[in-house]
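Subject: Structure handover

Hello,

Here is the structure I said I would pass on. Please open it alongside this message; my notes follow below it.

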Amino acid sequence: MNYNHYYQRLLWVAVTLLMTMTVLTSCTDDNDNPVPVVVTDDKPFPYGTDIDETVRPSDDFYRYINGLWLNSPNPAPSMMKQVEDQLDQLSDDALATSQDPLLVMLRSQADATLVDDSRDVALLKERLQMLEQIETADQLHAVFGTLYELGYSPLFRLIPFVNEGKKTVLAITTGGMPDEMLKEVFMRQKPEKIDSLVRAYCQPLTSLGYTPERVAEIIKNAIAVETAEQQSYRYGLEMVKHRLQAPRRSSEDDEVNQKFGAIIEMMGLTYDDFTSGRFIYSSNEIIQLIRHFATVDDQENINAYRDYMIYNVVAQDAPFVPSANAQADRTAMLQRALQYNRYYKYRVTVENYGRDNIYRQECQDILERMRQIFIQRIDSLDWMSDATKAEARKKAEAMKFYIGYPDTWNDAMTPAVSGDCLLETATQLRQDALKKNLALTSKNLDDNPWDVWAIIAQFTTDNAFYQRTANCLVILPAWITRPRFDSSLSESTYYTTSYVFAHEFFHGFDANGSLYDADGIKRDWWEPADREAFQQKQQAMIDLFSQLEDYPGVNANGMQTLDENMADYGGIELALECYKQRLKEQGFTGAQFDEQIKKFFISFAAFWKMERELSIDELKHYHEKDTHALPHIRINGQVRLQDDWYRLFDVQPTDKLYLAPEDRVKIW
């Protein structure tokens with residue numbers, strides 16, 4: 001090597017770099033005074049087009065930013081709706097084009113079934129006939145066990161759950177119900193829909209040879225049992241909000257315990273496992289329902305449970321039988337079949353969509369930056385003692401981030417199926433999923449975390465969540481794909497989306513999350529005086545949000561929405577600070593800097609532009625039951641806590657949303 005030439009080139013590069021840096025950092029005029037560098041944001045900014053200038057931002061910031069959209073006779077879909085539609089289409093595309101061997105087989109079977117479903121019809125009728133022959137309690141329980149072996153989960157089902165100490169357990173909940181029943185009645189809390197949904201699911205019975213009178217009887221009994229199930233149900237992801245426990249052995253007589261144990265064993269459990277905590281339950285009503293089913297001996301209830309299981313079987317299987325289901329098509333049948341094995345569907349969709357289209361590394365980088373900012377803010381708090389600060393830092397440092405998809409897929413989760421017709425293969429997928437759920441019991445979450453997360457959720461779930469009992473944060477792909485998370489747009493939108501990551505982070509430090517330590521164990525790690533100060537701040541936030549109206553004359557419930565409001569507050573604090581640091585790194589100052597921060601607030605208000613797409617019933621559900629504030633409350637309630645918002649939008653003491661500086665709750 002010619003070292004002289006090498007050093008000459010190195011010197012040239014160094015001089016050039018120095019000259020370039022000088023030009024970039026300071027130009028001089030004739031008086032040798034620095035001229036500020038003009039830094040611009042030339043990327044598209046998709047928000048701000050719906051601003052209603054007739055509304056003062058300081059009176060109703062949500063309507064100021066979204067007013068034209070809210071008033072439009074034919075508005076474009078909100079970002080939430082765009083993402084939902086896009087991901088649904090991605091899922092359909094994956095099932096239609098993936099060359100995965102299982103999907104190739106399923107497509108072939110679906111096409112064959114659409115031409116001739118005689119095998120599927122025969123299999124479904126065989127199962128219904130088995131149920132029709134039930135006359136006694138012993139027969140009822142025996143057929144219950146047979147249906148469990150076929151993967152149906154009649155009456156009760158097992159949901160993977162992470163218990164304290166990061167152990168995977170299965171939670172017993174009600175809900176052998178079909179997907180639409182789960183979504184409309186149990187998730188959206190609409191018990192009035194039980195009647196119409198049960199009737200719709202029982203319609204195929206007519207084409208399968210049932211008389212109208214018998215169908216009417218099945219509907220009547222199925223509605224009765226479904227209503228009892230609704231009263232016992234707790235939705236899987238909501239169970240993290242409750243401290244679950246294993247049931248103690250009943251004080252009732254041995255015969256009742258024996259019958260109860262027999263039902264538990266049919267579900268793949270042992271009574272000792274059930275009482276040891278390896279399996280948990282979501283409510284006391286679950287135990288009562290199992291005991292009622294185990295000890296039923298009157299003909300009326302035997303018939304009711306029998307007919308519920310008939311309804312459940314036809315609801316699960318009719319989608320694979322075109323002659324009994326006029327809506328059957330290949331895509332719908334494939335979606336239904338793969339829904340039984342969510343992990344595999346998740347894997348297929350990720351691989352078909354392409355990992356490069358999921359902004360996983362960018363999300364990781366932002367979260368790590370947010371973690372460091374949070375730790376710095378903890379250190380600077382004037383209301384918290386050093387001992388509590390040390391515990392808070394420890395928890396923040398220990399928090400794990402699971403983003404988008406696993407580094408490697410667990411091939412052991414691949415279903416092994418070889419059915420002769422589509423319904424038989426779907427049955428095998430159900431059986432396989434149940435076995436894999438049982439196999440997760442007592443496993444350490446850290447070994448294969450996505451075995452659990454991809455079952456609890458799925459690729460198209462528009463969600464992110466924090467798991468208290470594992471001190472971890474899960475970001476599903478819907479939040480880190482276009483159009484919501486898009487590096488080609490103004491970075492203000494990028495960091496507004498990132499507020500959701502920080503929101504989930506702060507669930508580890510909200511009113512309930514703060515009761516758990518770094519290892520996900522429920523333990524009071526607070527010094528008494530710090531806990532009291534923290535609770536005072538919580539009460540102040542409850543009071544502030546309760547001042548705002550959900551509807552004219554009806555105020556929001558600040559207590560009900562406290563955890564989510566605290567997470568929103570922390571999320572904005574972290575995301576905004578993270579964005580400010582990014583702007584300073586890029587050289588933004590003064591008015592240019594302020595303009596970008598203003599875009600952040602505009603993006604935040606437009607981010608939740610969805611209220612018009614919710615029905616009146618859904619808005620009422622938000623008010624009555626949901627722990628999240630209504631969209632306009634989320635926006636108006638949070639911006640009034642941010643000092644920058646007051647300055648940038650000229651908020652005055654006479655304005656409706658104004659809060660005096662001393663009344664703006666400051667926590668982290």
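This is a predicted model: local features need pLDDT of at least 70, side-chain atom pairs count only at pLDDT 80 or more; totals for chains, interfaces and linings use all residues.

Two strands count as paired if DSSP finds at least two bridges between them.

Three strands make up an open sheet with mixed pairing, in the order β3-β4-β5. Its edge strands are β3 (156-163) and β5 (279-281), each of which pairs on one side only. Ignoring direction, neighbouring strands of this sheet are turned by 35° against each other on average. Strands of a sheet pair through backbone hydrogen bonds, and the sense may be parallel or antiparallel. For β4 (residues 167-174) and β5 the sense is parallel, over three bridges. Within the sheet, Ala 171 stands opposite Ile 280 in β5. Helix α20 (residues 449-456) lies across β3 and β4, and the helix runs at about 135° to β3.

Aromatic pairs

How many aromatic pairs does a search of the whole structure find? The search returns 47. I describe two of them here.

Phe 45 and Tyr 47 form an edge-to-face pair, with 6.0 Å centre to centre and 85° between the planes. The pair counts as edge-to-face because the cut-off for that class is over 60 degrees between the planes. Phe 45 is partly exposed, at 23% relative accessibility, whereas Tyr 47 is buried, with a relative accessible area of 13%. The two residues get these labels because buried means under 20% relative accessible area.

Phe 144 and Tyr 148 form a tilted pair, at 5.5 Å centre to centre and with 50° between the planes. Both residues belong to helix α6 (residues 137-149); they are four residues apart and therefore separated by about one helical turn.

Charges over rings

Two contacts of another kind are listed here. Arg 291 lies over the face of Phe 260, at 4.2 Å from the ring centre. Lys 598 lies over the face of Phe 649, and there the figure is 5.2 Å from the ring centre.

Regards

Note on methods
Residues are numbered from 1 along each chain as its sequence is written. Side-chain values use heavy atoms; hydrogens and water are left out. Rings of Phe, Tyr and Trp (its six-membered ring) pair if their centres lie within 6.5 Å; planes under 30 degrees apart count as stacked, over 60 as edge-to-face and the rest as tilted. Buried means under 20% relative accessible area, exposed over 50%, partly exposed in between (1.4 Å probe, protein chains only). Helices (H or I, at least four residues) and strands (E, at least two) are DSSP runs, numbered from the N terminus. A charge sits over a ring if NZ of Lys or CZ of Arg is within 6 Å of the ring centre and within 35 degrees of the ring normal. Axes are lines fitted to C-alpha atoms, for helices over the stretch in contact, and angles run from 0 to 180 degrees between N-to-C directions. Contact means heavy atoms within 4.5 Å.
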